[in-house]
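Below is a short briefing on one protein chain. Please look over the sequence and the structure before reading on.

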Amino acid sequence: MVAAACTPGEGPESIPLPTSADTTTTTTTTTTTTTTTTTTTTPIVPSRYEATIRRTTDGVAHIIADDVASVAYGQGWVSGADHGCTLIDQILKVYGVRSQNLGPGETGENIESDFAWRSIDIATIAERDYDSASPEVVEQFEAFAAGWNAHLADAGSAGLVGWCNEAPWVRPIRPVEVYAYARSVALLASSARFTGFIASAQPPEPDPDVSGFAPPSTSAPSPDFSVLAPVDVGSNGWAVGSLRTESGTGGLLVANPHFPWEGELRFTEVQLTVPGEVDIYGAQLLGLPGIGIGFTDGVAWTHTVSAGKRLTAYLLSLDPDSPTSYLVDGESVPMTAVEHSVEILRADGSVDTETRTLWHSEYGPIVDFPGLGWTDTAVLTFRDANIDNDEFIEQYLDMVSVASLDDLIAVHEEHQGVPLFNTIATGADGRVWYADTSATPNLSAEAELAFVEKLFTDVVTQVGYDNGVVVLDGSDSRFRWETVPGARDNGLVPFSEMPMVERADYVFNANDSFWVPSDEFTLTGDYSIMHGEQNTPLSMRTRQNAEVLSNRAGLAGEDGLFSGVELRDAVFDNSAHTAVLLREAVTSACRGHGIVDVTELAADDGTVVLPAEPVDVGAACAVLSNWDGRYDLDSVGAVLWRETMNQFDRAARTTTGPLFGDQFDPAKPTRTPALLADDVAPVLGALARAVQTMTKAGFAIDSALGAAQFTQRSGTRIPLHGGTGVEGVTNIVEWSGNDSSTEPAPTRGDPVAPGSALRSEGFPVNYGTSFVLAVDYSGDSTQAWAILTYGETSDRESPLFEAQTVRFSEKNWRQIAFTEAQIAADPNLTEEIVTGR
């Protein structure tokens, strides 16, 4: 995760420009003659920071220094060198000044973003909280920004890699700006989801044809929650304890976050070392100091995105006398109006200003939500559990120095700063820990009961919940969050009431709710529904995780005990759980049906995409009969199965219906449902549609996965193994639009048919397995392996941009150079010393 803070100064003009006289850098490499470059015209003073940056295979940075601040300085330097454009671009976003620097955007998207982020106001909140941040946090962010700025001074704006090279908006950054960006990351599952609906929220105008406002609508509000951008980040996290390791000692960990391969939500891999004080290896999101997921010599942890709720929406009943006031228990409460002005750079170089008044309720921003808008009777608002989460920064700073599982748990309890993640961890002592300590709204027991009742009686509540949003009645004060002792902030669930468990066998999470962290037991209790539901069906990916760790898949061998290598290799086993359950039954059914009639499939505009026709599924049936159910490069049948499963929605894949004939059993959550429905017509129709779709796309039904699934790196089409949540593969590779960066990135063509993932070019990938890490404490010394699938650079022309994608394609794990001996022995070792003040 992160570490934080800020230097004095009123703005960018208070920071030395790249040509100013108070930045000193020294660079040394093992491959060239030592050189010293001093960018100064004033007498040299002693350096405040000095760090050694060693690069090993794949460009991984190992930063070592005598103090934590100098390590942060080195990390800032590396951030600027590898991905400098990303940080400054995100700072412009969070401060709402993209239009001023980049123009309005093709369709005005920068203007809308600027107003939205100014209304969310995390930049102002962060600047306020920065003033009271701990000295350690301030020092960390101060040093990181100094390192980033020093690299900019050394390289110049023309020396940056990526799309901002020589851009006029590249400038030195303030430490508090990095801090504000870090705070915005915590809003990923909350405020950030609503940014598309804040800037246009305006109260209704009086109707000139009537006295006052138009008569209220007689129809019930029907907001369209399906338009909300999904929290398009996921993960698998595995921790195996000493009872399940081959040696009977130590623990094993797999970190497998599923994140975008483009934009700001990429990771960078790094080691941070202060001899005798800190030695940690892992990954962090671009542009942030510290480590988000990783390991030390005594403890390893990873995160998965929690299924719990990070916000609650409120449907406000407006005061009949004023649409800018709302009723709570019959009393009128006025909204707060804030005027925001955004400067806009036009194509001719001129700058104009647009001003809007945006509104807040007691909960947060007013939103102009599709299907509801802002009428004279109702409007939507929301409250964010992470808007005041300054503990987030403090927690991840402390996590850099944890030495044991007990240390890790203690830091979680002290700060309660995890914004939106489950934690899965193991220690060198062989214990494992699962916890969902995410920031979670705390409703009273009475409010929870009232909310659950509305799930069965109120359409808006039902539709919101089905789309991942808890919608509460803003006119009822019972739904205000309840403040209880021990919580990080007012209105949140305290650590003592969060779901967690410590074991010695294994725990995992794959983004379903907390209640099934193992195939061996369930974690049930009086937990808030805001943490997620209990006794509910699991995703196919979660069930395949359980299949692997329980060893029903046989990947731990006959003894059922994992070695580090066995667990590592299980990450890319690529078995599809839907195929494990259904492939044999489907092929048995299709052998007796050579011809299947399909209906016409039309686009939204009525254009016929696939005709009504008889389809011969005999050859497709033979392909599936010979397939082993995996999503490897040479897997013939994987494309066909994906297109077949894509015809069924999540409900059909998890409960009784057109695909499964047996019931979900809460007593056997990882094993039910499992039987093909008696009526095989739906699955045979889906198979026939898959044949049609593949034919239209130009792929033979016996095409191997590697011929269709790929990513584009440095102009090279690289075939990829892995699957999607639809098939139930643990190793996810797919496409995502979850990217707020202004960086130009590859696009993809249109699907060949509605409901299909297939394009004429195949299955392009820009999301999924990202930083994948395996850690082994079960031997005489710590061993670890990793792949950062998209590489350590934003330079699309660099060999590093594609090297690890090829490594991932080949399942070619890189052993991590963690010790001094391993680093020194790396055949690609380079060394650079950076100093500054």
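There are two disulfides in the structure. The model is a predicted one, and every value here was computed from it. Count the bonded cysteines along the chain and the pairing reads 1-2, 3-4.

**Disulfide of cysteine 85 and cysteine 164**

- Cysteine 85 is bonded to cysteine 164, with 2.0 Å between the sulfur atoms.
- The link of cysteine 85 and cysteine 164 is left-handed, at -85° about the S-S bond.
- Cysteine 85 sits in helix α1, while cysteine 164 belongs to the loop between α5 (135–155) and α6 (175–185), so the bond ties together parts that are 79 residues apart in sequence.
- Both cysteine 85 and cysteine 164 are buried.

**Disulfide of cysteine 590 and cysteine 621**

- The sulfur atoms of cysteine 590 and cysteine 621 lie 1.8 Å apart, and the two form a disulfide.
- This link of cysteine 590 and cysteine 621 is right-handed, with 85° about the S-S bond.
- Distant parts of the chain are joined here: cysteine 590 is in helix α13 (residues 577–590) and cysteine 621 in helix α14 (residues 618–626), 31 residues apart.
- Is cysteine 590 buried or exposed? Its relative accessible area is 2%, so cysteine 590 counts as buried.
- Cysteine 621 has a relative accessible area of 3%, and therefore it is buried as well.

**Nonpolar cores**

- In soluble globular proteins, nonpolar side chains tend to be buried together.
- The largest nonpolar core here has 167 residues. Ile63, Trp238, Phe295, Leu380 and Leu773 touch the most other members of that core.
- Which helix gives the most to this core? Helix α1 (residues 68–94) does, with 12 residues.
- Another core, of 50 residues, lies apart from the largest one. Its members include Val596, Ala652, Phe660 and Phe763.
- Phenylalanine 295, one of the residues in the largest core with the most contacts to other members, touches Asp279, Ile280, Tyr281, Ala300, Leu773, Val775, Tyr777, Thr782, Ala784, Ile816 and Phe818. Residues up to four places away in sequence are not counted in that list.

**Cavities**

- How many cavities of 30 Å³ or more are there? The count comes to five.
- The second largest cavity holds about 110 Å³ of space.
- Its lining has 15 residues, and Gln75, Val78, Ser79, Thr268 and Gly287 are the closest to its centre.
- By type, the lining of the second largest cavity divides into eight nonpolar, five polar and two charged residues.
- Helix α1 provides the largest share of that lining, five residues.
- Among the elements that each supply at least two residues to the lining of the second largest cavity are β4 (60–65), α1 and β7 (267–274).

**Arginine 98**

- Helix α2 (residues 98–102) contains arginine 98.
- Why does arginine 98 count as buried? Its relative accessibility is 4%, and the buried class takes residues under 20%.
- Arginine 98 is in contact with Asp89, Gln90, Leu92, Lys93, Gly103, Asn110, Ser113, Asp114, Ser740, Ser741 and Thr742, leaving aside neighbours within four places in sequence.

Notes:
Residues are numbered from 1 along each chain as its sequence is written. This is a predicted model: local features need pLDDT of at least 70, side-chain atom pairs count only at pLDDT 80 or more; totals for chains, interfaces and linings use all residues. Side-chain values use heavy atoms; hydrogens and water are left out. A nonpolar core is a set of buried Ala, Val, Leu, Ile, Met, Phe, Trp, Tyr and Cys residues joined through side-chain atoms within 4.5 Å. Buried means under 20% relative accessible area, exposed over 50%, partly exposed in between (1.4 Å probe, protein chains only). Helices (H or I, at least four residues) and strands (E, at least two) are DSSP runs, numbered from the N terminus. Contact means heavy atoms within 4.5 Å. On a 1 Å grid over the protein atoms alone, a cavity is a set of points where a 1.4 Å probe fits but cannot get out, and a pocket is an open set with protein on both sides within 12 Å along at least five of seven lines; lining residues have an atom within 4 Å of a point. Grid points are joined across faces, edges and corners, and a volume is the space filled by probe spheres set on the points. Ala, Val, Leu, Ile, Met, Phe, Trp, Tyr, Cys and Pro count as nonpolar, Asp, Glu, Lys and Arg as charged, and the others, Gly among them, as polar. A disulfide is a pair of cysteine sulfur atoms within 2.5 Å.
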